4 protein chains.
Amino acid sequence: MTEKLYDDLMERSKAEPYSRLLGMEVVDVGPGSAVVRMRVNPEMANIFGSTHGGALFSLIDEAFQLACNTHGVLSVALNVSITYIAAAAAGSVLEARATEVHKTRRTSSYLCEIRERDDRKLIATAQALAYRTGKDITSP
Amino acid sequence: MTEKLYDDLMERSKAEPYSRLLGMEVVDVGPGSAVVRMRVNPEMANIFGSTHGGALFSLIDEAFQLACNTHGVLSVALNVSITYIAAAAAGSVLEARATEVHKTRRTSSYLCEIRERDDRKLIATAQALAYRTGKDITSP
Amino acid sequence: MTEKLYDDLMERSKAEPYSRLLGMEVVDVGPGSAVVRMRVNPEMANIFGSTHGGALFSLIDEAFQLACNTHGVLSVALNVSITYIAAAAAGSVLEARATEVHKTRRTSSYLCEIRERDDRKLIATAQALAYRTGKDITSP
Amino acid sequence: MTEKLYDDLMERSKAEPYSRLLGMEVVDVGPGSAVVRMRVNPEMANIFGSTHGGALFSLIDEAFQLACNTHGVLSVALNVSITYIAAAAAGSVLEARATEVHKTRRTSSYLCEIRERDDRKLIATAQALAYRTGKDITSP
């Protein structure tokens, strides 16, 4: 039942328009956690030619979105605080991980990070807070 | 001279790959401030069909990036804390504004918000902090 | 009725043990807003002799606590992000203001700032998010 | 030499006026990390009789302040984002821990948490960012 839910979330992420636009690839979804990858490509460049902060945040947000919905309760982002640590190398594959810290009936909180997949270099960290609506995500 | 800098930043934003990917349009750049617009399109949908938090953040981050560079000193994001207020309607035009609160020699801070352009509905707010490298942004 | 609620919150703040410990003085409570003052005294010094970040945060948190309860619905802090702007001068009177940005049925958000009362110098800003429990604060 | 620095920071924390006001006790200072304890006492009550958010934040901020100065470079807080997880029981002993995530020449970032000492119950988490001034903290 919960395995089915994790598979369902992975399928939703694969089919998600925004995830496809940025070339994200969901790697793992488990209890209160998710891992998502993305290759830094030229379309993500900012005005100085570095990776845009919005692209990095989007990768974290995708992992957070999946992680906070793994209990089957429709959950939405309330607040995310991202700290940028290092620039992401052009062409590198980034991996974002969101890990649940705690949940109550109405809220849940997560620690997230992005690392370069190959050398595990830390790129960004985030603290994220979700509101749990109480609705079932698998409802039609 | 500063007018030339604002024009230069607007040109950089127009030519920016990431801004083009999401269909952003810079509207104004002034001393410590910037306004950027983006239409919510189907490519920005998340796994539930709402506007992805990463797309909303990206719009704020573009305004922040421009605002923090308006003094001609190359500045990069240290931390952004975003609070999501309301869902953005499909097809609506969103407007993000970043406004400088303070700057010191090495850091500067901004309050940002996204509103729907037409009805001024508040969609998200953010607090953003930049590191001022001390380098000239117009250097080759 | 609401005036009575604002007066009640001011009385609660005046009688609050923590507010008294730090010498805070509530100045105003209104719809979605509150103003609280505190004099920087030697007991607030940190390891370098500057005003402790915890004392500055506490002043903002007192204003936030009052502001988010002005609708009569028991509300508690979910997240606060504080950005430190400038050092507070020893002996100066600080004034924190919390202003409501938005509220939904279950959450409400605030922008807060501390200024020196006399010269209006900006000391810190914060973004704060409350959870609205749905309980009546005036219940026994 | 570094051991001497950690001892010096512990001594500074013990002598710190604000730490004494709240009854904090520094437990450990090491490379990029610090642990500080505090008993929840009646003076920390907020307007509803719970532990004031400012008292909880202050404990985290003390640990952060110590951790970010363990490299001997005078460092000051830029931004702290705190998420409140659970209420702290009256009379309980709280333990805050700050752990360095990364540092560059000019900034360093930390993850922090408060737990009840005895049952390890999580009370709050925080993400903190420091500015490294470049000055030596041991200079007169």
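Student: What rotation, and what shift along its axis, superposes chain D on chain C?

Tutor: A rotation of 180° with 0.0 Å of shift along its axis does so, at an RMSD of 0.0 Å. Copies are superposed by least squares on the C-alpha atoms of residues with pLDDT of at least 70 in both. This is a predicted model, in which local features need pLDDT of at least 70 and side-chain atom pairs count only at pLDDT 80 or more, while totals for chains, interfaces and linings use all residues. Residues are numbered from 1 along each chain as its sequence is written, and chains are lettered from A and ligands numbered from 1 in the order in which they are written.

Student: Which residue of chain D comes closest to the rotation axis?

Tutor: D:Ser81 does, with its C-alpha at 2.0 Å from the axis.

Student: And how does chain C superpose on chain A?

Tutor: Chain C is brought onto chain A by a rotation of 180° with 0.0 Å of shift along the axis, again with an RMSD of 0.0 Å. That is the relation of a two-fold axis.

Student: How many residues does each of chains D and C bring to their contact?

Tutor: Chain D brings 29 residues and chain C brings 29 residues. Two residues are in contact if their C-beta atoms, placed from the backbone, lie within 7 Å.

Student: Which elements of chain D supply at least two residues each to the side that touches chain C?

Tutor: They are α1 (2-15), α2 (17-21), α3 (53-67) and β3 (73-84) of chain D. Helices (H or I, at least four residues) and strands (E, at least two) are DSSP runs, numbered from the N terminus.

Student: How do the residues on that side of chain D divide into nonpolar, polar and charged?

Tutor: There are 14 nonpolar, 10 polar and 5 charged residues on the side of chain D that touches chain C. Ala, Val, Leu, Ile, Met, Phe, Trp, Tyr, Cys and Pro count as nonpolar, Asp, Glu, Lys and Arg as charged, and the others, Gly among them, as polar.

Student: Why can one say that chains C and D meet through the same surface?

Tutor: 100% of the interface residues of chain D are also interface residues in chain C, so the copies meet through the same surface.

Student: In what sense do β3(C) and β3(D) pair?

Tutor: They pair in the antiparallel sense, over 5 bridges; two strands pair if DSSP finds at least two bridges between them. Within this pairing, C:Ile82 has D:Val80 as its bridge partner.

Student: What is the strand order of the open sheet that holds them?

Tutor: The sheet has 12 strands with antiparallel pairing, in the order β1(C)-β2(C)-β4(C)-β5(C)-β6(C)-β3(C)-β3(D)-β6(D)-β5(D)-β4(D)-β2(D)-β1(D). β1 (24-30) of chain C and β1 of chain D are at the edges, each with a single partner strand, so one side of each has no neighbour in the sheet. From one strand to the next, the twist averages 20°. Axes are lines fitted to C-alpha atoms, for helices over the stretch in contact, and angles run from 0 to 180 degrees between N-to-C directions.

Student: What do β1(D) and β2(D) form?

Tutor: They form a hairpin with 2 residues between the strands, and D:Gly32 in the turn has a positive phi of about 70°. The two strands run antiparallel and are joined by 6 bridges. D:Val26 has D:Val36 in β2(D) as its bridge partner.

Student: How many bridges pair β3(A) with β3(B)?

Tutor: There are 5, in the antiparallel sense, and A:Val80 stands opposite B:Ile82. β3(B) also pairs antiparallel with β6(B), over 10 bridges.

Student: How many residues of β3(B) are buried?

Tutor: 9 of its 12 residues are buried. A residue is buried if 20 or more other C-beta atoms lie within 10 Å of its own, exposed if 12 or fewer, and partly exposed in between, with C-beta atoms placed from the backbone.

Student: What does UniProt place at residues 48-122 of chain A?

Tutor: The unreviewed UniProt entry places the feature "domain: Thioesterase" there. UniProt positions are given in the numbering used here, feature names are shortened, and annotations may be inferred rather than shown by experiment. In the model, this span of chain A is 20% helix and 45% strand, and its end C-alpha atoms lie 21 Å apart.
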